[in-house]
Amino acid sequence: MANQRVLLASRPTGWVAENNFRIEEAPVPQPGEGEVLVKNLWLSLDPYMRGRMSDAKSYVKGVDLGEVMVGQTVGEVIESRHPTLKKGDKVLAQLGWQLYGVTREANKVDEKRAPLSCYLGVIGMPGMTAYFGLKEIGEPKAGETVVVSAASGAVGSVVGQIAKLKGARVIGIAGGADKCRTLTDELGFDAAIDYKAEDVKAALARLCPNGINVFFDNVGGDILEAALANLARGARIVICGAISQYNNTTPIKGPANYLSLLVNRATMTGIVVGDYVPRWGEAVRDLAGWVASGQLKRREDVVEGLETFPQTFMKLFSGENNGKLVLKVA
Ligand code: NAP
């Protein structure tokens, strides 16, 4: 039995390339006192990992060269020296891009409540981001218009469906006709805009004649600017991410028309999901309940094999994933 690990080999300039990573074999680590040895079953692939490949100052330190790439994992405890976790438990942990890892910080998850991969998606970190971003910052009311970008992805697809549950009218922005069809035909969005084929600013003006009340932004750049041009009075913009800017070699493009916030007495507020960890239980209860009742559909894009990790990760930036991107490694 050997471990297989994906290490950060070099820092990307612009787009991530396969040679930024190195895959190596290593001995399976031994758990120390208070630790568990976990065999990973599912690895999460998320856009924030692009930031961790950089050494620029951010709210969390980047990965050092030669270190295992960070990431959330769901796996099975195969050896335990932990006071409460035992062999056979399924756990959510931060073990990164590798087949085996040891940790003292892992949370038991319940396979009967939801399939294991859901703990990385709809009832995991992306689901929490959607839940708290909307509940605490967006605060959509029945009858209001909510617009979400990267709408078919892990966060966006949950944002749109929760907003529908709150009685809002929901418009998603996504790349390509297939993704737009998924939004309206499967996930219950009222309309979708294909930003690769349409003028987003004009489409928003047509679809939101009374303006946007809540804009949940995952993309930034031109799409944020198009939304700012179409705000309703008192609009709330949730800044969740700016994936269109993560591979820039030039400074991030900010909106030239930010004075729309002034004109419309609007707000623009950032969310960091980690701030809501103490309230995780509240969100899991609601999200898992909606999944069980069929009111919240989960979309997952499952790829197999640790060795595919570099190419699979790049799908997030080319838009080739449709739903929460997860890697099945066992
Ligand atoms: P995701 O939406 O599942 O996947 C990324 C998607 O972004 C791609 O499928 C692609 O969809 C879209 N995209 C990529 N490049 C783009 C571009 N240049 N222009 C427009 N769209 C582009 O990813 P996710 O995990 O849900 O994350 C979405 C956003 O939330 C990211 O910005 C991420 O950093 C952020 N986030 C923030 C927090 C927080 O605490 N603030 C937590 C989790 C995630 P299309 O085919 O539609 O282009």
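In the predicted model, a backbone N or O atom of V155 lies 2.8 Å from an oxygen atom of the ligand. Of the 910 Å² of accessible area that the ligand has on its own, the protein covers 91%.

The shell around the ligand comprises 27 residues, and K179, Y195, Y246, I271 and N321 are the closest of them. By residue class, this shell divides into 17 nonpolar, nine polar and one charged. At least two residues of the shell come from each of helix 2 (125-138), helix 3 (154-165) and helix 9 (309-318).

The domain assignment of the chain gives domain 1, formed by 2-121 + 299-328, and domain 2, formed by 125-274. Each of the two domains supplies at least three residues to the shell around the ligand. The C-alpha centres of domain 1 and domain 2 are 28 Å apart. Contact between the domains involves 22 residues of domain 1 and 16 residues of domain 2.

Helix 2, one of the helices that supply the ligand shell, is largely enclosed by the rest of the structure, because 12 of its 14 residues are buried. Among the buried residues of helix 2 are M125, P126, G127 and M128 at one end of the list and L134, I137 and G138 at the other.

Helix 2 is followed by E139, which has a positive phi. Most residues other than glycine have a negative phi. The phi of E139, by contrast, is near 45°. E139 is situated in the loop between helix 2 and strand 8, and with a relative accessible area of 44% it counts as partly exposed. The loop between helix 2 and strand 8 (145-149) also holds E144. E144 is buried, at 14% relative accessibility. Beyond residues up to four places away in sequence, E144 touches E139, A168, R169, N213, V214 and R236. The C-alpha atom of E144 is 24 Å from that of V272, a residue 128 places away along the chain.

A positive phi is also found at R265, where the value is near 50°. R265 belongs to the loop between helix 7 (260-263) and strand 13 (267-270). R265 has a relative accessibility of 52% and is therefore classed as exposed.

T73 is found in strand 4, which spans residues 73-80. With a relative accessible area of 1%, T73 is buried. Its contacts, leaving aside neighbours within four places in sequence, are with N40, W42, L43, V91, L92, A93, Q94, L95, G96 and L120. With one of these residues, L95, there is a polar pairing: a polar atom of the T73 side chain lies 3.3 Å from the backbone nitrogen of L95. T73 and L327 are 254 residues apart along the chain, and their C-alpha atoms are separated by 9.5 Å.

Definitions and conventions: Residues are numbered from 1 along each chain as its sequence is written. This is a predicted model: local features need pLDDT of at least 70, side-chain atom pairs count only at pLDDT 80 or more; totals for chains, interfaces and linings use all residues. Side-chain values use heavy atoms; hydrogens and water are left out. A residue is near a molecule or strand if one of its heavy atoms lies within 4 Å of it. A polar contact is a pair of N or O atoms within 3.5 Å; within protein, one must be able to donate a hydrogen and the other to accept it, and residues adjacent in sequence count only if both atoms are side-chain atoms. Accessible areas come from the Shrake-Rupley method with a 1.4 Å probe; for residues, only the protein chains shown count as cover. Helices (H or I, at least four residues) and strands (E, at least two) are DSSP runs, numbered from the N terminus. Ala, Val, Leu, Ile, Met, Phe, Trp, Tyr, Cys and Pro count as nonpolar, Asp, Glu, Lys and Arg as charged, and the others, Gly among them, as polar. Domain bounds come from an automatic or database domain assignment. Buried means under 20% relative accessible area, exposed over 50%, partly exposed in between (1.4 Å probe, protein chains only). Contact means heavy atoms within 4.5 Å.
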